[in-house]
Amino acid sequence: MTRRVDLQNVDIHYGDFHAVADVDLTMPANSVTALIGPSGCGKSTVLRSINRMHEVIPGARVEGSIRLDDEDIYGAGVDPVAVRRTIGMVFQRPNPFPTMSIRENVVAGLRLQGMRDKSALAEITEQALRGANLWGEVKDRLGAPGGGLSGGQQQRLCIARAIAVSPQVLLMDEPCSSLDPISTLAIEELIDELKEEYTVVIVTHNMQQAARVSDRTAFFNLAGVGLPGRLVEVDDTETIFSNPAQQATEDYISGRFG
Ligand SMILES: Nc1ncnc2c1ncn2[C@@H]1O[C@H](COP(=O)(O)OP(=O)(O)OP(=O)(O)O)[C@@H](O)[C@H]1O
């Protein structure tokens with residue numbers, strides 16, 4: 001099941017610093033939404049707020065409402081660990097557990113949840129690796145360490161690990177920034193397939209990548225140093241790249257700043 005993600009009046013602070021102001025943004029189910037904008041405008045901050053990852057940063061706090069369909073993920077009694085299971089995340093640098101086997105990397109989350117059934121774990125391992133387009137490359141060496149894979153394979157392993165726990169939303173923070181062009185292409189093709197099953201939100205600095213992989217694009221900007229980042233506009237990716245409503249968006253996508 002995929003879910004729509006809705007941010008309303010979202011403000012995010014790190015201690016006294018107001019990092020992001022007043023974001024209203026809907027990310028439809030079964031689609032890819034790209035978050036773009038210059039460095040420091042708050043893209044990663046917004047992304048992390050969607051699965052409460054910012055809560056591991058002391059002093060970080062979110063105001064406003066973030067909903068998965070109609071469920072308030074910040075509601076009283078909602079367990080942040082359960083939120084992160086439903087809303088998975090893939091980071092900038094591939095971060096498999098390096099000495100753990102490929103197989104154990106994929107099922108690490110399920111093991112934490114207490115799953116012990118060997119045949120179920122084997123089945124999920126295969127499904128997740130197939131889902132991440134990695135199965136063919138690793139099926140004969142599932143017992144080898146995850147750290148022995150190439151960077152692009154490691155990132156797909158991390159995607160397999162993220163989808164093994166059956167999330168509904170996948171957050172990706174510049175997932176290709178440390179990868180070569182061929183691995184990048186493999187991940188981009190994968191993102192296109194992933195949206196059939198998940199709602200995908202991706203932060204990227206690469207305009208061509210945003211144009212290639214996303215259905216919707218949200219442009220964030222900073223009005224000045226020390227001021228909070230704000231959402232300037234969000235629309236279909238084609239519109240943002242061909243006919244944006246705001247001059248700042250046009251300047252950014254055409255490379256005039258940022
Ligand atoms: N852990 C933190 N503690 C304090 N301030 C932070 C923290 N993380 C981010 N910030 C600040 O919040 C603002 C937004 O940062 P964020 O990383 O979300 O921007 P970004 O748009 O993702 O940038 P980049 O494109 O460079 O990754 C910046 O001013 C940054 O310095």
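Modeller: A residue counts as buried if 20 or more other C-beta atoms lie within 10 Å of its own, as exposed if 12 or fewer do, and as partly exposed in between, with C-beta atoms placed from the backbone. Helices (H or I, at least four residues) and strands (E, at least two) are DSSP runs, numbered from the N terminus. This is a predicted model, in which local features need pLDDT of at least 70 and side-chain atom pairs count only at pLDDT 80 or more, while totals for chains, interfaces and linings use all residues. Residue numbers start from 1 along each chain as its sequence is written.

Biologist: What pLDDT does the chain average?

Modeller: pLDDT is the predictor's confidence in each residue, from 0 to 100. The chain averages 94, and 100% of the residues score at least 70. For the complex, the predictor gives an ipTM of 0.98 and a pTM of 0.94.

Biologist: Which residues of strand S3 lie on each of its faces?

Modeller: One side of S3 carries Val 32, Ala 34 and Ile 36, the other Thr 33 and Leu 35, and both faces are covered, with all of these residues buried. The count for S3 (residues 32–36) is thus 5 buried residues of 5.

Biologist: Which strand pairs with S3 in the parallel sense over 4 bridges?

Modeller: Two strands are taken to pair if DSSP finds at least two bridges between them. S3 pairs with S8 (residues 199–203) in the parallel sense over 4 bridges, and Thr 33 has Val 201 of S8 as its bridge partner. S3 is also joined to S9 (residues 216–222) by 4 bridges, again parallel. In that pairing Ala 34 stands opposite Thr 217.

Biologist: Why is S7 described as largely enclosed?

Modeller: Because 5 of its 5 residues are buried, S7 is largely enclosed by the rest of the structure. Val 169, Leu 171 and Asp 173 are buried on one side, and Leu 170 and Met 172 on the other.

Biologist: Which residue just after H7 takes a positive phi?

Modeller: Ser 166, at about 55°, although Ser 166 is not a glycine. Ser 166 is found in the loop between H7 and S7 (169–173), and counts as partly exposed because it has 16 C-beta neighbours inside 10 Å. Asp 22 also has a positive phi of about 55° and is not a glycine. Asp 22, however, lies in a strand, S2, and is partly exposed, with 13 other C-beta atoms within 10 Å.

Biologist: Which residues lie around the ligand?

Modeller: A residue is near a molecule or strand if its C-beta atom, placed from the backbone, lies within 6 Å of it. The residues around the ligand are Tyr 14, Phe 17, Ala 19, Gly 37, Ser 39, Gly 40, Cys 41, Gly 42, Lys 43, Ser 44, Thr 45 and Ile 57. The elements giving two or more residues to this shell are S2 (17–27) and H1 (43–50), and H1 supplies the largest share, 3 residues.

Biologist: How many residues of each class does the shell around the ligand have?

Modeller: Ala, Val, Leu, Ile, Met, Phe, Trp, Tyr, Cys and Pro count as nonpolar, Asp, Glu, Lys and Arg as charged, and the others, Gly among them, as polar. The shell has 5 nonpolar, 6 polar and 1 charged residues.

Biologist: How many residues of H1 are buried?

Modeller: 7 of the 8, so H1 is largely enclosed by the rest of the structure. Lys 43 and Thr 45 are among the buried residues. H1 is followed by Arg 52, whose phi is positive, near 65°.
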